[in-house]
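Subject: Structure handover

Hello,

Here is the structure for you to look at. Please open it alongside this note, and my findings follow below.

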Amino acid sequence: METLGYLVDGFGVALAPHNLMFALLGAVLGTLIGALPGLGPANGVAILIPLAFSLGLAPDTAMIMLTSVYAGAMYGGRISSILLNIPGDEPAMMTCLDGYPMAQQGKAAEALAISAVASFVGSLIATIGLILLAPVLANFALTFGPAEYFALFMLAFATLGGITGKNPMKTVLAACIGLMIATVGIDNTGVQRYTFGVLELFEGVDFIIAIVGLFAISELLFFIEDRAGGGKETISVSKLKLSWKDIRHIMPSSFRGGVLGFIAGVLPGAGASLGSFIAYTLEKKVVGSKGDFGKGDPRGVAAPEAGNNGASSGALVPMLTLGVPGSGTTAVLLALLISLNITPGPLMFTQNADIVWGVIAALLIGNFLLLILNIPLVGVFVKLLSVPPMYLLPIVTMVAFVGIYSISNTTFDLYFMVAFGVLGYVLRKLEIPLVPVILGLLLGPEMEKNLRHALDISDGDWMVLWNSGLAIGLWVFAAVGLILPTIVGPVLRRRMRGIEREDTAIGD
């Protein structure tokens, strides 16, 4: 009953006219960004964070808008997958397998509508799971001491690469780079570290500047390098002919995909890519010979879309309750919270209950807004695929620079943002992931603080880090999370490639 009361209060926050307006704006912008191949939700949220600051939004409004961007980008990723056979982001990869064949058969509108309905079902299931699970996990996290939190952060770093990650060593290297950057500034004892006498570095590196540089500016550099002069030819979208019978046909697939996606999102290191993959794989086994997977089976569109949208909402559970992001996009949202002087974790559910439950209520409302937007207005979003990046580039650049300058009103931050953009460009060229860098930068200060606190309590005895059963359990999970991807990861990636080749061959 207490949770229900908080949720009602959250609807009071989410339904405030200005919050509802920014939720709608975020949903539209997120869908537009998700439709662009290669951008994805993490880049989309990073690009629009400066907009939230330049508009001077309140913390609850900023979080509602950017969470809506996140949800919208997950919806939008299916558009280029179905029409271009190019995933909007990695989780949308499995949608190509049956979505593009449906489009080739003249059923592009149906495929887009089915994916929108499945996305809605998966996201709705996961949001309900978030409402039920988050308060329980937050209460459990109140029993954590500094040693347990240090072990929890180690678990987060150990599972960064995820089961589908390609190179664990590059992930570890990226996390170390982030932790190194996190040491810049004045530490808890008043000692300057790596400031080189630069006054602007005394307070450390600003999370938002680093994130906008690493994600948004590096993406702009890639746009410049590619010099894409024109849009790709897309399959035309005819008038929608989707019956209630078609919707009922995909409902079981959507439900199963949403549940599996939510579980994958909550688990550290799993994420939306795994959610969409296991949802598609399970559905293929459940349907068996009765299905036409790889030839344009609607259930092959519904299952992965429900899976990746379920995982995106599931990833908010560890971020809100433990302060540990469950995905790359939630890492960006975590940075936003920290920059707003809000500490994510179990105490957030009491100290900032209006923000937490406002965001959760906004997710529920946003799901309905996105469903309404993505069926009748999908033709508008499709038009965006024909817009050359050279016209989008100046807009993104303006938003990033104006937003960052509005935070501190110093040109130093603009140069610093560009420097991070160059760093992000180089790292991406070397196929070193950016999310571990951000996570190291975000969690580094808290990790150091908890380590110092634990050692102070124990008079410098390092055994304090393994003194409780909970801490030992977290260390064991961290070890498993570090070792398991090297064993299971290659097998899983081969299986994913095998399914893609198999279904492509069937489609041909």
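At what angle do helix H2 and helix H4 pack, and how far apart are their axes? The model is a predicted one, and in it the angle is about 30°, with the axes 6 Å apart. Angles under 35 degrees count as roughly parallel, so H2 is roughly parallel to H4. The crossing of H2 past H4 is right-handed.

H2 covers residues 17-35, and H4 covers residues 59-84. On the H2 side, the residues that meet H4 include His 18, Phe 22, Leu 25, Gly 30, Thr 31 and Gly 34. On the H4 side, they include Asp 60, Ile 64, Met 65, Ser 68, Gly 72, Ala 73 and Ile 79. The residues of this H2 and H4 contact split into ten nonpolar, twelve polar and one charged.

Ala 73 deserves a look of its own. This residue is found in helix H4. Is Ala 73 buried or exposed? Ala 73 has a relative accessible area of 2%. Buried means under 20%, so Ala 73 is buried. Ala 73 touches Gly 30, Thr 31, Gly 34 and Pro 41, leaving aside residues up to four places away in sequence. Pro 41 is 32 residues from Ala 73 along the chain, yet their C-alpha atoms are separated by 5.1 Å.

Next, the other partner of H4. H4 and helix H5 (residues 96-104) pack at an angle of about 55°, and their axes are 6 Å apart. That angle makes H4 oblique to H5. Here too, H4 passes H5 in a right-handed crossing. From H4, the contact uses Ser 81, Ile 82, Leu 83 and Leu 84. From H5, it uses Cys 96, Gly 99, Tyr 100 and Ala 103. Six of the contact residues are nonpolar, two are polar and none is charged.

Now the cores. Which residues touch the most other members of the largest nonpolar core? They are Leu 66 and Phe 215, in a core of 114 residues. Helix H16 (residues 353-374) gives the most to this core, with twelve residues. Leu 66 touches Val 45, Leu 48, Ile 49, Ala 52, Leu 333 and Leu 336, again leaving aside residues up to four places away in sequence. Another core, of 26 residues, lies apart from the largest one. Among its members are Ala 27, Ala 71, Val 121 and Val 301.

Best wishes

Technical notes: Residues are numbered from 1 along each chain as its sequence is written. This is a predicted model: local features need pLDDT of at least 70, side-chain atom pairs count only at pLDDT 80 or more; totals for chains, interfaces and linings use all residues. Side-chain values use heavy atoms; hydrogens and water are left out. Axes are lines fitted to C-alpha atoms, for helices over the stretch in contact, and angles run from 0 to 180 degrees between N-to-C directions. Helices (H or I, at least four residues) and strands (E, at least two) are DSSP runs, numbered from the N terminus. Angles under 35 degrees count as roughly parallel, over 145 as roughly antiparallel, 65 to 115 as roughly perpendicular and the rest as oblique. A crossing is left-handed if the near helix is turned anticlockwise from the far one by less than a right angle, and right-handed if clockwise. Contact means heavy atoms within 4.5 Å. Ala, Val, Leu, Ile, Met, Phe, Trp, Tyr, Cys and Pro count as nonpolar, Asp, Glu, Lys and Arg as charged, and the others, Gly among them, as polar. A nonpolar core is a set of buried Ala, Val, Leu, Ile, Met, Phe, Trp, Tyr and Cys residues joined through side-chain atoms within 4.5 Å. Buried means under 20% relative accessible area, exposed over 50%, partly exposed in between (1.4 Å probe, protein chains only).
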